[in-house]
Amino acid sequence: MERKLPVTYELQKKSGKARAGKITAPHGEIETPVFMPVGTQATVKTMTPEELESIGSQIILGNTYHLYLRPGDDLVAKFGGLHKFMNWNKPILTDSGGFQVFSLGSLRKITEKGVEFRSHIDGSKHTLTPEKSIHIQNNLGSDIVMLFDECPPGLSSREYIIPSIERTTRWARRCVEAHQRPDEQGLFAIVQGGIYEDLRDKSLNELSEMDSAFSGYAIGGLAVGEPREDMYRILDYIVEKCPENKPRYLMGVGEPLDMLEAVESGIDMMDCVQPTRIGRHGTVFTKYGRLVIKNASYAEDDRPLDEDCDCYVCRNFKRGYIRHLFKAEEVLGQRLATYHNLYFLLKLMKDARKAILEDRFKEFKDEFIKNYNMGKN
Ligand SMILES: CNc1nc2cc3c(=O)[nH]c(N)nc3c(CC[C@H]3O[C@@H](OC)[C@H](OC)[C@@H]3OC)c2[nH]1
Ligand SMILES: [Zn+2]
């Protein structure tokens, strides 16, 4: 008898390949499509949990690599896990750390056992293995645990990707074996295969042999420097081949136009550091495209960041004031820009969900793209 998985999915409506649904996780329900703010070091930078809840965040992300290095997953476990440690009581998804080892670590060496690397913090030597990654995530107590995979560098050759997929599949088996709380923390598979349809099939077919252990499927290996049209082509090809009764998560995508393309291909969940990272540097999303607030042209501009946004920031502050905060290097500027950017993406997914429920997603997407490309700010 198939064991009840801790994370389940209910498909509610389809509009083309786009889907509206509901994920049920140990710490709560998630209406999809959903954008997941990234909280790498147990905080979504500059935001309090209360603010995150007030803008409609349903689930946030944490990261194995960072929390293992600092403050240590054992310490987080002593505080009762990540939810208690950071006072976030809704679902949390943690990445498995492989990606960060390659994007942040130094002196890395991949072997069958795992990945050796030096910490970007103090240069100390570490080895992350499938077992270690899963045990760290068990200590963190996240609702959704990601497989320990290799995300090949963007535009890797077929010759590199084929053996990488096979090792990642062997690592997946070891992750399933090592998982200490399969009834409390949902395990997500991560499909690799670069920009090659047949290699995407290879990765998905090999992982599907362990399907009963997986609560969901992530599409990995994208948003790593490949041309946009290759990412769209692969999404259009592989997403609908993932199980219809489980959530589908596209890793690392958070540009508005890319998110709508992903939703159109059947993706339910997305994450990206962009809204928080560019927000801290003074770039904000608006209905008509990005806006760089430090631009002199906004010095006396008494309009809100986005005249069509009803967030706390857009209801209470003008562009001229927020530009001043950035020029004066006042930290409130970073907070207001981050708050608005997160609200913008969360609202975009909420509006997309409504459009799907009303079976008009294609029209919604085309209208958004037309306005966003106008670039009139
Ligand atoms: C930006 N483009 C992008 N493509 C990615 C592809 C992969 C992948 O194939 N495998 C794994 N394991 N992770 C990936 C990731 C990292 C996402 C994490 O990276 C962190 O954001 C930087 C965040 O950590 C809280 C997030 O957690 C899920 C990707 N990011
Ligand atoms: Zn706003």
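1. A residue is called buried when its relative accessible area is under 20%, exposed when over 50%, and partly exposed in between, with a 1.4 Å probe and protein chains only. By this definition Ala42, at 14% relative accessibility, counts as buried. Ala42 is found in the loop between strand 4 and helix 1 (49-54). Its phi is near 65°, a positive value in a residue other than glycine.

2. The model is predicted: local features need pLDDT of at least 70, side-chain atom pairs count only at pLDDT 80 or more, and totals for chains, interfaces and linings use all residues. Residues are numbered from 1 along each chain as its sequence is written, chains are lettered from A and ligands numbered from 1 in the order in which they are written, and side-chain values use heavy atoms, leaving out hydrogens and water.

3. Helices (H or I, at least four residues) and strands (E, at least two) are DSSP runs, numbered from the N terminus. Leu67 lies in helix 2 (residues 64-69) and is buried, with a relative accessible area of 0%. Not counting residues up to four places away in sequence, Leu67 is in contact (heavy atoms within 4.5 Å) with Thr40, Gln41, Ala42, Gly72, Asp73, Leu82 and Leu140.

4. Leu140 belongs to helix 6 (residues 130-140), where Pro130, Ser133, Ile134, Ile136, Gln137 and Asn138 are buried, as is Leu140. Just after helix 6, Gly141 takes a positive phi of about 75°.

5. Two cis peptide bonds deserve attention. One runs from Thr32 to Pro33, with omega near 5°; Pro33 is found in the loop between strand 3 (28-32) and strand 4 (34-37). Another runs from Arg70 to Pro71, with omega near 10°, and Pro71 is placed in the loop between helix 2 and helix 3 (73-78). As a separate backbone feature, Asn87 has a positive phi of about 60° although it is not a glycine.

6. The largest pocket holds about 1000 Å³ of space. Of the 42 residues lining this pocket, the closest to its centre are Phe99, Gln100, Gly252, Asp271 and Val273. Helix 11 gives the largest share of the lining, 4 residues. A pocket is an open set of points on a 1 Å grid over the protein atoms alone, where a 1.4 Å probe fits, with protein on both sides within 12 Å along at least five of seven lines; lining residues have an atom within 4 Å of a point. A volume is the space filled by probe spheres set on the points, which are joined across faces, edges and corners.

7. The second largest pocket has a volume of about 320 Å³. Of its 14 lining residues, Lys287, Phe344, Lys347, Asp351 and Phe368 are the closest to its centre. Helix 14 supplies the largest share of this lining, 5 residues.
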